[in-house]
Amino acid sequence: MNEIVLAGIVLALLVALLVARTTARPRPTDRDFRELDEEVVEDDLVEEDLDAELAELEAELELEEAIEEALEDVEVTEAPAPVAPPPSRWARGLAKTRGALGSTLKALGLREKLDGDAWEEIEEALIRADVGMDATERVLEALRDSNPSPDELHDALQRELLKILDTGDRTLHTRPGEVAVWLVTGVNGVGKTTSIAKLGRRLKDDGHSVVLAAGDTFRAAAIEQLGTWAGRLDIHMVKHAPGADPGAVVFDAIEHAKAKKVDVVIVDTAGRLQTKTNLMEELKKVKRIADRETGAVTEVLLVLDATVGQNGLAQAKAFQEAVGATGVILTKLDGTARGGIVIAIQDKLGIPVKAVGVGEGIEDLETFDPEAFVGAMLE
Ligand SMILES: Nc1nc2c(ncn2[C@@H]2O[C@H](COP(=O)(O)OP(=O)(O)OP(=O)(O)O)[C@@H](O)[C@H]2O)c(=O)[nH]1
Ligand SMILES: [Mg+2]
């Protein structure tokens, strides 16, 4: 009996277990099958995408390898670094002028206010730069009147210096259809002959015809030096023997120019004779001969050496009194930080600086540019 009961219990348990299993796991429906199908389709699509990506990657890899191979055969040169344009001759010529007043201005610009000491510092800096006593005093007076704040000082000083330089005609005049004569004067060694060569070249470049007159007959070497330049520039030079009358040389040069319809005669003159009085008398005579046809002398150019400083002013006065001057050629500006002499010349003599020499080369002559010049001084 007991065995029958036990078998019944075991059977019942087995049935219960079977029922529990079938109820715990629901049978998959049609929907489940549909979803499964969709998943399979999606999986196929993903697989296709992956295949495409793999193909793309393989193609890229191949391309990279091909490029690398090609590059191995090519000598790789580095791209040149960008090159700044070379500074102009004028900018290079101002290299020493640059900052002549700049450091003083920068230091004063940081002060709270401009007091007596500050004005003295500006005064010293202007005199050191060769602006000259008179022009310095005048500039200071104007500055004190306008009473700039420290950060306005730079612009205020720039304005005052430019006011002095902003007068005068800087053109080198010719006479259309007629011969113009340019007399080039100045004491010995300032750069007359070199400046004549530079002017000759510039005139030629501008399409003018030129003749040089070897008016410095005092030294044989002077005639030779001008002759060398004339040869290099392919410009005709009229000369007489050393010791000849410079007036006669100028006369002949003008006659030649008239006959050949030349635009400009540039006359070299002596910078030194036995005495100073002789020199000035000779220059007056040369000018009289050149100007016998009124208006023929369109320029009397006084050549001054910028490195000589304020002494140049005394020379300039003497020449000014003897022959007058229509303009100054300031040479050797490349060799000095004391370029303020330009301001002193214009202020004291009222003669415009028409050109500046910024080197020994034939091209090293520039038209004077007040804004660039003052800008460089105050940099
Ligand atoms: N650095 C520099 N040197 C210059 C410049 N102009 C002229 N010189 C040099 O100055 C020296 C004298 O120049 P010259 O042209 O012979 O002077 P000059 O006034 O004719 O002299 P004399 O005939 O003796 O009266 C030469 O060595 C020139 O090369 C310039 O602008 N810059
Ligand atoms: Mg000379």
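Lysine 332 is buried, because 21 other C-beta atoms lie within 10 Å and the cut-off for a buried residue is 20 or more. This is a predicted model. Where does lysine 332 lie? Its place is the loop between strand S6 (327-331) and helix H13 (341-349). Lysine 332 is not a glycine, yet its phi is positive, about 60 degrees.

H13 is mostly covered, with seven of its nine residues buried. The buried residues are Ile341, Val342, Ile343, Ala344, Ile345, Gln346 and Asp347. Glycine 350 follows H13. The phi of glycine 350 is also positive, near 65 degrees.

## The chain as a whole

How many helices and strands does the protein chain have? It comes to 14 helices and eight strands. The chain has 379 residues, and 36% of them are buried.

Eight strands form an open sheet. Their order is S3-S2-S4-S1-S5-S6-S7-S8, and the pairing is mixed. Which strands are at the edges? They are strand S3 (236-238) and strand S8 (365-367), and each pairs on one side only. From one strand to the next, the twist averages 25 degrees.

Helix H12 (residues 311-323) lies across S1 and strand S5 (297-305). H12 runs at about 160 degrees to S5.

## Strand S4 and its two partners

In the strand order, S4 stands between S2 and S1. Strand S2 (residues 210-214) pairs with strand S4 (residues 264-268) in the parallel sense, over five bridges. S1 and S4 also pair in the parallel sense, over five bridges.

Individual residues show how the strands line up. Valine 264 in S4 is the bridge partner of valine 210. Alanine 180 also stands opposite valine 264. Further along, leucine 212 stands opposite isoleucine 266 in S4.

Is S4 buried or exposed? It is mostly covered: five of its five residues are buried. In a regular strand, side chains alternate between the two faces of the sheet. On one side of S4 are Val264, Ile266 and Asp268. On the other are Val265 and Val267. Both faces are covered, and all of these residues are buried.

## Helices H5 and H6

The axes of H5 and H6 come within 10 Å and cross at roughly 150 degrees. That makes H5 roughly antiparallel to H6, because angles over 145 degrees count as roughly antiparallel. The crossing is right-handed.

Which residues make the contact? From H5 come Trp119, Ile122, Glu123, Leu126 and Ile127. From H6 come Met133, Thr136, Val139, Leu140 and Arg144. By class, seven are nonpolar, one is polar and two are charged. In an α-helix, residues three or four places apart point the same way, because there are 3.6 residues a turn.

The loop between helix H5 (116-128) and helix H6 (133-146) holds aspartate 130. Why does aspartate 130 count as buried? It has 26 C-beta neighbours inside 10 Å. Aspartate 130 has a positive phi, near 75 degrees, and is a residue other than glycine.

## Helices H8 and H9

Helix H8 (residues 192-205) and helix H9 (residues 220-233) have axes that come within 10 Å. These axes cross at roughly 20 degrees. H8 and H9 are therefore roughly parallel to each other, because the cut-off is under 35 degrees. The crossing of H8 and H9 is right-handed.

H8 gives Thr193, Ile196, Ala197, Gly200, Arg201 and Lys204 to the contact. H9 gives Ala222, Gln225, Leu226, Trp229 and Leu233. The contact of H8 with H9 has six nonpolar, three polar and two charged residues.

Technical notes. Residues numbered from 1 in each chain as written. Chains lettered and ligands numbered in written order. Predicted model: local features only at pLDDT ≥ 70, side-chain atom pairs only at ≥ 80, totals over all residues. Pairing = 2+ DSSP bridges. Helix = DSSP H or I, 4+ residues; strand = E, 2+ residues; numbered from the N terminus. Axes fitted to C-alpha atoms, helices over the stretch in contact; angles between N-to-C directions. Contact = placed C-beta atoms within 7 Å. Buried ≥ 20, exposed ≤ 12 C-beta atoms within 10 Å, placed from the backbone. Parallel < 35°, antiparallel > 145°, perpendicular 65-115°, else oblique. Left-handed = near helix turned anticlockwise from the far one by under 90°. Nonpolar A, V, L, I, M, F, W, Y, C, P; charged D, E, K, R; others polar.
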